Amino acid sequence: MISTQTPVCIIGAGPGGATTSIFLSKQKIPHIIVDKDVFPRDKICGDGLDLKVMRVLKHIDPTITPETIFGKQPFSRSWGTRFITPSGYYRDIVCKPKADSPFQYPTFCVSKRFNFDQFLVDKLDKTYAEVHFGTKATKIERKNGGIEVTFEKEGNVYKTFCNLIVGADGDHSVVLRELDERKIDRKHYAAGLRQYWKNVEGIHEDKLIEVYFKKEYPVGYFWIFPLPNNEANVGFGMLSDIVSKQKVNLKACMRDIIENDAVMSPRFKNATPLEEMKGWGLPLASRQKKAAGDNYLLVGDAASAINPVTGEGIGTAMVSGFVAARFIAHAIQNQRFTEDVFKNYDREMTRRLQSEIKNFNFFMSFRFEKWINWFVEVAIRLPFMSQYFAYQNRNWLDTAFNKPIEVNI
Ligand SMILES: Cc1cc2nc3c(=O)[nH]c(=O)nc-3n(C[C@H](O)[C@H](O)[C@H](O)COP(=O)(O)OP(=O)(O)OC[C@H]3O[C@@H](n4cnc5c(N)ncnc54)[C@H](O)[C@@H]3O)c2cc1C
């Protein structure tokens, strides 16, 4: 049975929805959270967890370290990035702390979403969260100053009335479709493929995540993100505008890189694919878009919260969940659920992405695709790149592990 009434109903229990629920529970706010899938479940992704993820996890449990976070979950610690330029030049940026540094933490972790999302869902607090998996939201209607949600679970139909609905249901959000409008703007949307592989050769001993800017396919990259047990998440993503203009067949290109590219193919000679290539979309945060309205808030991909420069959306989804929970508490305290209560939500949700959004839009306004190869080649070869990253890395780690996430309502 699903309760017929609740103050808040969250649709989707990926990183955005699970985080919203965890922080609602911390504020003792009862709510329902549903997901159409049963966990653990797969999600097409690069599986790269950046320091924003760590930052939110620190707010879930301040005693957390990468080891205590994941416990026995298989994950890989990555101590930096390997950039491979269009000409095939390798630049390894290793940010391993000195033995006496207070920050003995990696820049990235890589964990299959099958495991990571389960890890987050295990943190849902059932004192306040009524959790229903295998439950799909099929209809969302405005009624009596609130929202009526229709669910399907094991062949049964249920209805719940709520004051506020949270759309945490990813790129194809039903909440966005029914309460606002889902419109894809290809200049602010990317397409990505993922394929798990075993025994890819030449992976750095510090498990660097690898990003290869292939000459023929600008505004996108091919990646290898190392996982435990000699496995790797291999993928390829590109801005949809370029995919469409250049009529790129993403799967054929990725296959071509793995089989024929002079830089990459030797590393795949003795490797084995563990699945077919799988694709999904990435709604980027570079487009100005409303993420809240009367009786609803959107988080994560539903709110187009993906970093437009890197394609990272797990951390930004979790930050948006954290921010949303604070706005929801404010709305409940005032018993008002209208758009004006959430007028600053978009600003607070994307606050930590402002420089990436500005840079992305600035470069794209100059038809970046024309000269990106040159730019990448020069930028990555700059002699002080390693020092720059080492310096930034210290700041990122400090922010991730020591700075509270501020929310100005
Ligand atoms: C190829 C690719 C590679 C990527 N690589 C990275 C990376 O390395 N690092 C990174 O940080 N980000 C990466 N991303 C982005 C990242 O995957 C997303 O930004 C992130 O998953 C967003 O989390 P979310 O909670 O908003 O949505 P999701 O993770 O998509 O979760 C949405 C949930 O809603 C549920 N749902 C959907 N519809 C309904 C419904 N009607 N009723 C009930 N439940 C529903 C789904 O089952 C799902 O569990 C990548 C994306 C792609 C496509």
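Analyst: Leucine 49 stands opposite cysteine 109 in β7. The model is a predicted one. The pair belongs to β3 and β7 (residues 108-110), which are joined in the antiparallel sense by two bridges. These strands are part of an open sheet of three strands, in the order β3-β7-β4, with antiparallel pairing.

The loop between β2 and β3 contains proline 40. The peptide bond from phenylalanine 39 to proline 40 is cis, with omega about 0 degrees.

A further antiparallel pairing is that of β5 (residues 80-84) with β6 (residues 90-94), over five bridges. Here arginine 82 has aspartate 92 of β6 as its bridge partner. The two strands make a hairpin with five residues between them, and glycine 88 in that turn has a positive phi of about 95 degrees. β5 also pairs with β13 (residues 209-212), this time in the parallel sense, through four bridges. Is β5 largely enclosed by the rest of the structure, or largely open? It is largely enclosed, because four of its five residues are buried. Burial here takes 20 or more other C-beta atoms within 10 Å of a residue's own.

The hairpin of β9 and β10 has two residues between the strands, and asparagine 144 in this hairpin takes a positive phi near 45 degrees. The strands, of which β10 covers residues 146-153, pair in the antiparallel sense over eight bridges. Lysine 139 has threonine 150 of β10 as its bridge partner.

β12 is the next strand to follow. Which strand is joined to β12 by nine bridges? That strand is β15, and the two run antiparallel. Alanine 190 is the bridge partner of leucine 239 in β15. Six bridges link β12 with β17, again with the strands antiparallel, and leucine 193 is bridged there to glycine 279 of β17. β16 (residues 272-273) pairs with β12 as well, in the antiparallel sense and over two bridges; tryptophan 197 has proline 273 of β16 as its bridge partner. Eight of the 10 residues of β12 are buried, so the rest of the structure largely encloses this strand.

The loop between β14 (220-226) and β15 holds asparagine 230. Asparagine 230 has a phi near 60 degrees, which is positive although the residue is not glycine. It has 14 other C-beta atoms within 10 Å and therefore counts as partly exposed. Lysine 28 also has a phi near 60 degrees, again a positive value in a residue other than glycine. Its place is the loop between α1 and β2. Lysine 28 counts as exposed because it has 10 C-beta neighbours inside 10 Å.

On the α1 side the contact is made by Pro15, Gly16, Gly17, Thr19, Thr20, Phe23 and Leu24. The α9 side includes Ile314, Ala317, Met318, Ser320, Gly321 and Phe322. By class, this contact has 10 nonpolar and six polar residues, and no charged ones.

Key
Residues numbered from 1 in each chain as written. Predicted model: local features only at pLDDT ≥ 70, side-chain atom pairs only at ≥ 80, totals over all residues. Pairing = 2+ DSSP bridges. Buried ≥ 20, exposed ≤ 12 C-beta atoms within 10 Å, placed from the backbone. Contact = placed C-beta atoms within 7 Å. Nonpolar A, V, L, I, M, F, W, Y, C, P; charged D, E, K, R; others polar.
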